[in-house]
Amino acid sequence: MAERTGPGRSEARGGQQGRVLLVTGVSRDLGRRFARAAARHPNVERVIGVDVAPPRGDIGKVGFVRADIRNPVIAKVIAKEEVDTVVHLSVIATPGTTGGRSTMKELNVIGTMQLLAACQTAPSLRQVVVKSTTQVYGASSRDPAMFTESMEPRRTPSSGYARDAADIESYVRGFARRRPDIAVTVLRCANVLGPSVVSPIASHFRRAVVPNVLGFDPRLQFLHEQDLYGVLEHAVRTGVPGTFNVAGDGVLTHSQVARRLQRVTVPIPEPLFGLARFGGGEYPAELRALLTYGRGVDTTRMRSLLGFEPRYTTEDTVVDFADSVMPSANRADRALAALESRLTGAPGD
């Protein structure tokens, strides 16, 4: 059963008609913060947040519906609330407390399938936005310098979050063919980093001693957490359909990131790297591949077609992330050093 809390239709925007958004995954920080921000937009009449558990923090004017997107009841929620825009953020990158890899896959893939089935029969629906990941490209020694959206991975992800994301995108493409009247936007986001981000890559660089794969120094791209919220808002507001790589300008090597964070690195032979652990857990297969071979994505379509410009470059993102992992006494020195580097045009490393 779906349990509804929060402001109802008659309370929203004084009866004015506007956008009606349904946001999945609001029990996690990304979904909660995006839904709360979206509800403040003047063109949005209502935001309905959906998840199996209540949000952990304040959701403001967002109406919460306790429902599982793996259950057909989600179709009733979309119909009853007359939703015109679905923002799908209920895709998890690690099993965490969900009950293991099989449960994670069921939440990600089966949940998306059921959500799209509900969307397909919804007459009021006009737009679907799906947060995906650049991990769908995988990471291997045969990769191009930069992946464009039309390229296939050189080595198809076979497990984990990357495999789930690839399956999800396949189902989304099928949905877009069946409902050409709906604007479908897929955002392939680079690894997200920022002071409040909890993720495998953030945990990796928060370690006092950071392992690296012996003989490799992979190129990395990041998307700042604020730019993630920005691109989601932009996609909803503009309604531009298509698939887009989303990342901050530039790349940094693993060693450059470690130096900016003042982290000590310890090289580990590739066969043994999988035995390294962080935060009480193992390195996911897709993260091990990334930290070996790296990955770069072309963001031309993001700028020219989607019309989005991130505020933070990859380097800016790392510098901001550093504030959350380094002693405050070092921040002024780093800020002055960064300013000097920009003024003199000296290369970073």
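**A chat about a predicted protein model**

Reply: Of the 349 residues in this protein, 50% count as buried, where buried means under 20% relative accessible area, exposed over 50% and partly exposed in between (1.4 Å probe, protein chains only).

Me: Okay, and what should I know about where this model comes from?

Reply: This is a predicted model, in which local features need pLDDT of at least 70, side-chain atom pairs count only at pLDDT 80 or more, and totals for chains, interfaces and linings use all residues. Residues are numbered from 1 along each chain as its sequence is written, and side-chain values use heavy atoms, with hydrogens and water left out.

Me: How many helices and strands are there?

Reply: The protein has 12 helices and 16 strands. Those are DSSP runs numbered from the N terminus: helices are H or I with at least four residues, strands are E with at least two.

Me: Let's pick one. What is the reach of H4?

Reply: Helix H4 covers residues 160-178, which is 19 residues, and reaches 28 Å from its first C-alpha to its last. That is close to the 27 Å expected at 1.5 Å a residue, the expected span being 1.5 Å times one less than the number of residues.

Me: Which residues of H4 are buried?

Reply: Among them are Tyr161, Ala162, Ile168, Val172 and Phe175, and Asp164, Asp167 and Glu169 are on the list too.

Me: And what do they pack against?

Reply: The buried residues of H4 pack against helix H3 (101-120), strand S6 (127-133), strand S7 (183-189) and helix H9 (285-293).

Me: What about H1, which residues are buried there?

Reply: In helix H1 (residues 29-39), the buried ones are Leu30, Gly31, Arg32, Phe34, Ala35, Ala38 and Ala39. Their cover includes strand S2 (19-24), strand S3 (44-51), strand S5 (85-88), S6 and helix H6 (225-238).

Me: What share of contacts joins residues at least 24 apart?

Reply: Among contacts between residues at least 6 apart in sequence, 79% join residues at least 24 apart. Contact here means heavy atoms within 4.5 Å.

Me: Switching topic: how many cavities of 30 Å³ or more are there?

Reply: The count comes to one cavity of 30 Å³ or more. On a 1 Å grid over the protein atoms alone, a cavity is a set of points where a 1.4 Å probe fits but cannot get out, and lining residues have an atom within 4 Å of a point.

Me: How much space lies in the largest cavity, and what lines it?

Reply: About 60 Å³ of space lies in the largest cavity, a volume being the space filled by probe spheres set on the grid points. Its lining is Thr134, Ala190, Asn191, Arg219, Leu220, Gln221, Leu290, Arg295 and Val297.

Me: Is Cys119 buried or exposed?

Reply: Cys119 counts as buried because its relative accessibility is 0%. Cys189 counts as buried too, at 2%.

Me: And Val198, where is that?

Reply: Val198 sits in the loop between strand S8 (191-193) and helix H5 (200-206). Val198 counts as exposed because its relative accessibility is 74%.

Me: Last one: what is phi at Glu82?

Reply: Phi of Glu82 is near 55°, a positive value in a residue other than glycine. Glu82 lies in the loop between helix H2 (73-81) and S5, and is partly exposed, with a relative accessible area of 42%.

Conventions: 1 Å grid on protein atoms, 1.4 Å probe; cavity = no way out; pocket = protein on both sides within 12 Å on 5 of 7 lines; lining within 4 Å.
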